[in-house]
Amino acid sequence: MKPPPFDYYAPASAAEALELLGRYGADARLLAGGQSLVPLLNFRLSAPAVIIDLNRATDLAYIKEETGRVRLGAMTRQRAIEFSPLVKSRLPLLAEATRWVGHLPTRTRGTVGGSLAHSDPAAEYPAVATALDAELVVRGPAGERVVPAAEFFLGLMTTALQPGEMLVEVRLPALASNSGWAFEEFSRRHGDFAIVGIAAMVTTERDRCRSARLAACGAGPVAVRLRGAEEILEQGGLGDLNINAAAARAAELVDPSADLHASVEYRRHLVHVLTRRALKRALERARGGGAAPLRS
Amino acid sequence: MAEPRKIRMTVNGQAREGWAEPRRLLADFLREDLGLTGTHIGCEHGICGACTVLLNGEAARSCLMLAVQADGAELMTIEGLARGGVLHPLQEAFWEHHGLQCGFCTPGMLMAAYDFLRVNPDPTEEEIREALSAVLCRCTGYQGIVRAVKAAADRMRSAP
């Protein structure tokens, strides 16, 4: 199990990487953290003629706060996100989800942009981006465009990235006041791909639910926004009965498939249970009930 | 551009160099070109963690990196853990608490635990188990490994 031969380039900037991508087009693959692509190379499931390694493009690794949002460079390591005080305070949902992304030694190399662009159906970051209406900044021969998460993840490992384009940044809204968050996941072993994961964010206004954001991973070909369940909460509030109703609705909204790890019915059941848990924990946090304990 | 190129790195404090095609995995470069066979290769696709090394001070899977990507980097492998013939507290603890059976996963366990105890010097048992899920022990000897990491953490905190 060794990678097939390829030509290798390690550009020092995003601009150089784009130029190489323009030159080699569909023959080239971008190498981010390599925690998904290198296994594919080792298995020879992927055999690109050219590898463009982004790991020396230092201008793609940053975490920057702006009014109301945080911008993450595509090559920001998952480990940098995990230990960033800024992410912890401004993007706590992303921070919590990161604990579920592989293991510490894979987060050392894995990047936020690599995970989003790979769009594995069980991956946590696409669910967080989908729940929070992230903006994905894409650069290509025609310049830069901003793609909302709802239009970025198209299907099984398929995104809106066109040939010659690369993901350079993701923009996430910073935590609003009176808000709570939770990421719940079930997997066979900590660090394995999720069987099902749920990202939740609620914003309260006195006793009402001003907004609810829910997305699932592992429950379809792509991360899925659970808008119908959000509406139940926004209309009927965050009482226990209504949280149960929203969780039940969430299980109807997903379109999981069966595999070795779980049946369709089991995945729906997990969506139901994990949505309820996530909402309860998010609500506790929104009410300032201190840090709700993490389930693992 | 697929031809071998010169790679220089610092491994366990020593300057090392060799030639490798871009497709050469770091794990193979360490073992076959530099002769550091303490780093084990299990699954070759990032699941088992036996090949874990420290890359610029942080644990990473050397089967998921190309040697050329480590050009200019500082690495530590299992061979660098003991200093001057004295075992590292983690190694001592693995010995005392039967943290190894066949020993195949041990280099990965030790390197992953070394990194983990630096970011979390006083872990709970649950946190240790979560961290060690990064490395598979095919003997299923996890009890001893968890005890060893806990004992090493206690010793390292009291005598840094």
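The domain assignment divides chain A into domain 1 (7–56), domain 2 (58–173) and domain 3 (179–286). The model is predicted. Chain A and chain B bury about 2,900 Å² between them, and 41 salt bridges are found over all chains.

**Domain 2 against domain 3 in chain A**

- The centres of domain 2 of chain A and domain 3 of chain A, taken over C-alpha atoms, lie 20 Å apart.
- Contact between these two domains involves 26 residues of domain 2 of chain A and 26 residues of domain 3 of chain A.
- About 2,100 Å² is buried between domain 2 of chain A and domain 3 of chain A, and carbon and sulfur atoms give 62% of that area.
- Leu93(A), Glu96(A) and Trp100(A) supply 28% of the area that domain 2 of chain A buries against domain 3 of chain A, more than any other three residues.
- Four salt bridges are counted between domain 2 of chain A and domain 3 of chain A.

**Interface of chain A and chain B**

- The size of an interface is often given as the accessible area lost when the parts come together.
- Of the area of about 2,900 Å² buried between chain A and chain B, 55% is on carbon and sulfur atoms.
- The contact draws on 32 residues from chain A and 34 residues from chain B.
- Five salt bridges are found across the interface of chain A and chain B.
- In the salt bridge between the side chains of Arg99(A) and Glu130(B), the N to O distance is 2.5 Å.

- Asn42(A) belongs to helix 2 of chain A.
- Asn42(A) counts as buried because its relative accessibility is 2%, under the cut-off of 20%.
- Leaving aside neighbours within four places in sequence, Asn42(A) is in contact with Met1(A), Lys2(A) and Pro3(A), and with Leu25(B), Glu44(B) and Cys63(B).
- Phe43(A) is in the loop between helix 2 (37–42) and strand 3 (50–53) of chain A.
- Phe43(A) counts as partly exposed because its relative accessibility is 38%, between the cut-offs of 20% and 50%.
- Together with Met1(A) and Leu45(A), Phe43(A) forms a nonpolar patch on the surface, with about 310 Å² of accessible area for the three together.

**Salt bridges within chains**

- Side chains of opposite charge can pair when their charged atoms come close.
- Glu82(A) and Arg107(A) form a salt bridge, with their closest N and O atoms 2.8 Å apart.
- This pair links distant parts of the chain, since Glu82(A) is in helix 3 (residues 78–82) of chain A and Arg107(A) is in helix 6 (residues 104–107) of chain A, 25 residues apart.
- Glu82(A) is partly exposed, with a relative accessible area of 22%, whereas Arg107(A) is buried, with a relative accessible area of 5%.
- A salt bridge joins the side chains of Arg189(A) and Asp192(A) at 2.9 Å, N to O, and Asp192(A) counts as partly exposed at 22% relative accessibility.
- In chain B, Glu32(B) and Arg24(B) form a salt bridge, the closest N and O atoms being 3.7 Å apart.
- Glu32(B) counts as exposed at 56% relative accessibility, and Arg24(B) counts as partly exposed at 25%.

**Salt-bridge network in chain A**

- A network of salt bridges links Asp133(A), Arg213(A), Arg225(A), Arg227(A), Glu230(A), Glu231(A) and Glu234(A).
- Within this network, the side chains of Asp133(A) and Arg213(A) meet in a salt bridge at 4.0 Å, N to O.

Notes. Residues are numbered from 1 along each chain as its sequence is written. Chains are lettered from A and ligands numbered from 1 in the order in which they are written. This is a predicted model: local features need pLDDT of at least 70, side-chain atom pairs count only at pLDDT 80 or more; totals for chains, interfaces and linings use all residues. Side-chain values use heavy atoms; hydrogens and water are left out. Patches are made of residues with over 30% relative accessible area and no salt bridge: like charges are joined within 9 Å, nonpolar side chains (Val, Leu, Ile, Met, Phe, Trp, Tyr) within 5 Å. Accessible areas come from the Shrake-Rupley method with a 1.4 Å probe; for residues, only the protein chains shown count as cover. Helices (H or I, at least four residues) and strands (E, at least two) are DSSP runs, numbered from the N terminus. Buried means under 20% relative accessible area, exposed over 50%, partly exposed in between (1.4 Å probe, protein chains only). Contact means heavy atoms within 4.5 Å. Domain bounds come from an automatic or database domain assignment. Buried area is the accessible area (1.4 Å probe) that two parts lose on being put together, summed over both.
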